Amino acid sequence: MAYPVIKLKRGYDLLIEGEAEEKIIPLPEVPTTVAIKPTDFLGIRPIPKLLKKEGSIKAGEPLFYDKDYGEELTWTAPASGEIVEIRRGPKRRIEEIVILLDKEQDYYEHETSLDSAETVRKALLASGLWALMVQRPYGLVPRPDEKPDAIFMSMFDTHPLAPRLEFLVKDYEDDFLAGWEALKKLADGLPIFLGYSADRSHEDIFLSLNGNNVRKYFFSGPHPSGNVGIHIHHLFPTYKGARKVWTIKPQYLVWWGRLFRKGIVDLTTKIALTAHEVKEPAFYETIAGVNVKALLKGQLKNDHVRVISGNVLTGTKIDPEKGHVSIKDNMVTVIPEGDFPEFHGWILTHYPKPSISRTFLSGVLYHLGLSVKYKVNTKLHGEPRPFVVTGEYEQVTPMDLYPQHLLKAIIVKDLDLMEQLGIHEVVEEDLALCEFVCTSKTPVQKILREGIEFFRHEVG
Amino acid sequence: MMKRLTDSLWNFLQTKVKPHFTKGGKFENLYYLYEAIETFLFLPPEVTHDKPGTHVRDGMNLKRLMIHVVFALIPPMLFGIWNIGHQHFLAIGEYTGLTEGFIDKFIVGIKVFLPILIVIMAVGGTIEVLFAIIRKHPVTEGFLVTGPLIALIVPPTIPLWMVAVATAFAVTFGKEIFGGTGMNIVNTALLARAFLFFAYPAHMSGDQVWIYLGEAADKLVDGFSGATPLAIAAEGGYQALKSFSYQSYGFWDMFFGWIPGSIGETSTLAILLGAGLLLHTGVADWRIMASMLLGGIFTALLFNAFPANDYMALPWYYHLVMGGFAFGLVYMATDPVTSASTFTGKWVYGFLIGVVALIIRVLNPAYPEGVMLAILLGNVSAPLIDHLVIKSYISRRERQVSTITTASQTTEQKTVKEASHA
């Protein structure tokens with residue numbers, strides 16, 4: 001059966017050395033702690049209401065809730081153990097709740113059933129796995145009392161060094177399919193859009209997902225063609241907040257499936273350790289949210305590195321000693337810090353730097369269609385400047401959108417213009433490439449998030 | 001070896017020099033002057049730090065962008081220097097052949113051009129740094145390009161004090177009062193030229209200013225004329241251009257550029273070389289170049305079709321190699337700050353400039369050349385053009401939403417297009 005293919009031309013594939021090999025290697029050290037980061041869940045207050053502040057806790061036992069979302073939606077412990085630390089940031093906001101892992105995992109029992117949309121909804125809310133969904137517009141945790149107009153799931157990830165999603169669900173096929181059934185139940189007849197890649201081959205486990213309300217589309221083109229925001233924009237636009245869409249990543253369905261099959265929250269997953277500062281880039285099988293030190297031991301080529309939970313475009317920097325991988329991330333990227341001066345580095349190229357600009361050999365090669373992998377670092381490669389170049393953001397944004405004009409509207413806080421230029425249609429990851437390419441080194445994602453929050457606050 | 005040298009230079013700057021310029025140091029007010037020098041010598045070690053934000057950035061930056069425009073200016077600059085000398089010796093009947101006296105011609109050209117460039121860079125640079133220090137912002141790279149541009153669009157005989165005044169005016173009132181690089185409405189270099197043009201018209205137009213004579217003013221050959229092809233065409237059209245006796249003003253002469261004119265504008269070939277670099281690197285937008293070219297050709301063809309006077313009958317391709325059309329098209333109209341910012345807008349903007357440039361050039365008897373005024377007009381129209389493009393985008397998207405809400409449950413979309421402003 002032929003499915004529609006949506007060809008996207010604009011974008012950029014940032015190719016980095018050190019792709020994780022698709023094999024599971026043993027952990028260099030037994031993980032000692034896991035953490036859940038309330039900051040991963042947008043839409044909740046900086047200080048959620050803790051149900052347990054200390055003592056032992058079982059995996060899946062309610063841990064905190066948010067006043068705005070109501071007590072029905074609880075976030076639960078990612079693993080069993082003892083709550084040892086609540087790390088706070090500025091203004092006492094809770095950044096991490098750290099649990100010292102038990103040797104044997106002990107699971108809190110949830111009553112679940114796949115009978116109806118309502119039972120699925122209840123189980124997801126009580127287990128905290130509800131919060132893995134993201135609502136568009138704004139990129140927030142969906143509200144328990146709302147219903148979307150559609151559900152979107154992207155079946156591939158085009159971010160730099162991102163793992164193949166089929167590999168993430170491999171060995172957990174039964175759980176994944178049970179999770180898929182739960183999603184269909186939850187959709188309750190609403191359309192579920194699945195976005196596949198037309199450039200890569202997919203395995204049957206993904207291709208065989210079916211249902212009356214399931215619509216499949218294929219996308220071709222460079223990153224961000226795998227971003228669900230791009231799919232929504234082309235298939236079911238949320239322009240001006242006309243519709244609500246919920247999104248979820250396929251790998252989370254594995255956890256949903258375990259919840260419905262066994263009644264437990266078991267966040268066992270695969271985490272890829274990637275990029276060229278890693279000795280053996282490969283996958284670990286462990287609990288989501290573990291302390292990153294357990295993954296890194298003996299794996300780093302040098303010490304002066306940045307450890308990123310997630311990918312280099314949208315991930316967050318974590319401390320290699322004390323940090324934890326985000327529960328929502330299935331990869332850790334390690335790249336060198338670029339905090340060294342470069343003699344006349346703005347004109348001389350001391351080493352290959354990835355760029356879309358054809359003033360670099362790398363840009364010329366890219367435009368010729370040659371894929372070359374690069375060693376990257378965290379250097380800003382310049383100084384922040386006012387907007388000068390135009391048309392640059394458009395080159396990497398395969399959407400009917402004017403990203404630079406939207407950013408300017410945000411900067412001048414023009415609410416009408418923000419709405420008209422599509423603030424409902426984008427979240428940080430969709431414009432991350434704009435930030436990467438920006439000649440003026442504008443913090444695009446930061447401005448966008450501040451704009452979204454301002455808009456949400458003013459308009460509601 | 002090189003690495004050790006640069007490392008010790010860096011350490012010297014950081015430990016011995018920088019402390020004087022940071023807070024509490026002797027020259028703390030001059031911090032941004034120091035910063036400008038440091039960032040010129042070294043790409044700073046600053047790393048990505050925004051949250052949320054990308055951890056890796058493209059190697060591109062504004063300095064690199066600007067220096068590529070400067071590279072692209074080298075062919076017209078070198079040719080212009082030679083041509084100053086060539087026109088000089090032609091006027092006194094020495095080295096009349098193109099290949100003769102290359103070195104002498106070049107030396108004369110350098111003697112004329114270098115002072116102009118130095119004055120501009122000194123005046124403009126000083127003002128930039130002053131503003132940076134007073135307003136406490138980094139020295140931006142804009143003037144790196146603006147300076148050479150001003151030098152290339154003035155006649156070789158321009159008095160240095162005039163260039164200084166014009167540069168000071170343009171940098172201050174054209175750019176800095178708007179907030180500096182990236183904030184200006186009109187192209188700074190063109191504003192400097194416009195200032196000269198209206199303040200000192202005798203030194204910017206006519207037959208006397210385009211050829212540097214210097215000491216040789218009394219040794220001129222018989223039949224000498226300093227008239228540019230534009231002036232001759234404006235008076236007598238195609239016929240006058242063909243029968244001009246002092247030197248040959250054929251199409252190829254103008255294409256190669258051994259004709260009098262502003263320093264950098266005469267050689268279309270040299271400008272094409274620069275355009276090649278700008279287009280290859282993607283530093284200048286091809287849409288603006290293409291649309292201005294189309295606008296110019298379209299208008300010239302229209303004149304050819306209804307030749308009410310001799311000038312209008314001038315073959316269309318002559319207009320592309322005469323005067324400042326090519327230079328304005330490649331280096332001036334494409335300035336990203338002052339041109340339209342939307343793709344559609346760029347097409348409209350470029351086309352508008354092409355049309356207006358030719359209208360002023362051919363139909364307006366007061367100004368022999370229209371490119372400068374056309375681009376300035378384009379600059380001030382660019383925000384309006386963008387506004388209209390954005391407005392039409394918004395109404396198109398709003399129609400899309402209204403069809404969504406009327407057909408609420410029909411989610412299938414038959415046609416899916418990539419952004420239509422591609």
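In strand S5 of chain A, A:Phe64 is the bridge partner of A:Leu50. Helices (H or I, at least four residues) and strands (E, at least two) are DSSP runs, numbered from the N terminus. S5(A) covers residues 62–66 and is joined to S3(A) by two bridges, the two strands running antiparallel. Two strands count as paired if DSSP finds at least two bridges between them. This is a predicted model, in which local features need pLDDT of at least 70 and side-chain atom pairs count only at pLDDT 80 or more, while totals for chains, interfaces and linings use all residues. Residues are numbered from 1 along each chain as its sequence is written, and chains are lettered from A and ligands numbered from 1 in the order in which they are written.

Now step back to the sheet around this pair. It is an open sheet of three strands in the order S3-S5-S6 of chain A, with antiparallel pairing. S3(A) (49–50) and S6(A) (70–76) are the edge strands, each pairing on one side only. Strands of a sheet pair through backbone hydrogen bonds, either parallel or antiparallel.

## Chain A as a whole

Chain A has 13 helices and 19 strands. Its C-alpha trace spans about 60 × 50 × 50 Å along the principal axes.

## Backbone details to look for

Most residues other than glycine have a negative phi, and most peptide bonds are trans. With that in mind, look at the bond joining A:Arg136 and A:Pro137, which is cis with omega about -5 degrees. A:Pro137 lies in the loop between strands S9 (134–136) and S10 (150–154) of chain A. Another cis peptide bond runs from A:His223 to A:Pro224, with omega near 10 degrees.

A:His381 is a residue other than glycine with a positive phi, near 60 degrees. You will find A:His381 in the loop between helices H8 (361–367) and H9 (392–395) of chain A.

## Where the chains meet

Here 58 residues of chain B are in contact with 77 residues of chain A. Contact is a matter of C-beta atoms, placed from the backbone, lying within 7 Å. On the chain B side, H15(B) gives the most, with eight residues. By class, this side has 26 nonpolar, 22 polar and ten charged residues. Ala, Val, Leu, Ile, Met, Phe, Trp, Tyr, Cys and Pro count as nonpolar, Asp, Glu, Lys and Arg as charged, and the others, Gly among them, as polar.

Strands also link the chains: two bridges join S19(A) (residues 342–343) to S1(B), and these strands run antiparallel. There, A:Phe343 has B:Phe42 as its bridge partner.

## A helix pair in chain B

The axes of H3(B) and H5(B) (residues 142–152) come within 9 Å and cross at roughly 20 degrees. Axes are lines fitted to C-alpha atoms, for helices over the stretch in contact, and angles run from 0 to 180 degrees between N-to-C directions. The two helices are therefore roughly parallel to each other (under 35 degrees; over 145 is roughly antiparallel, 65 to 115 roughly perpendicular and the rest oblique). The residues of this contact divide into eleven nonpolar, one polar and no charged.

Technical notes:
Contact = placed C-beta atoms within 7 Å.
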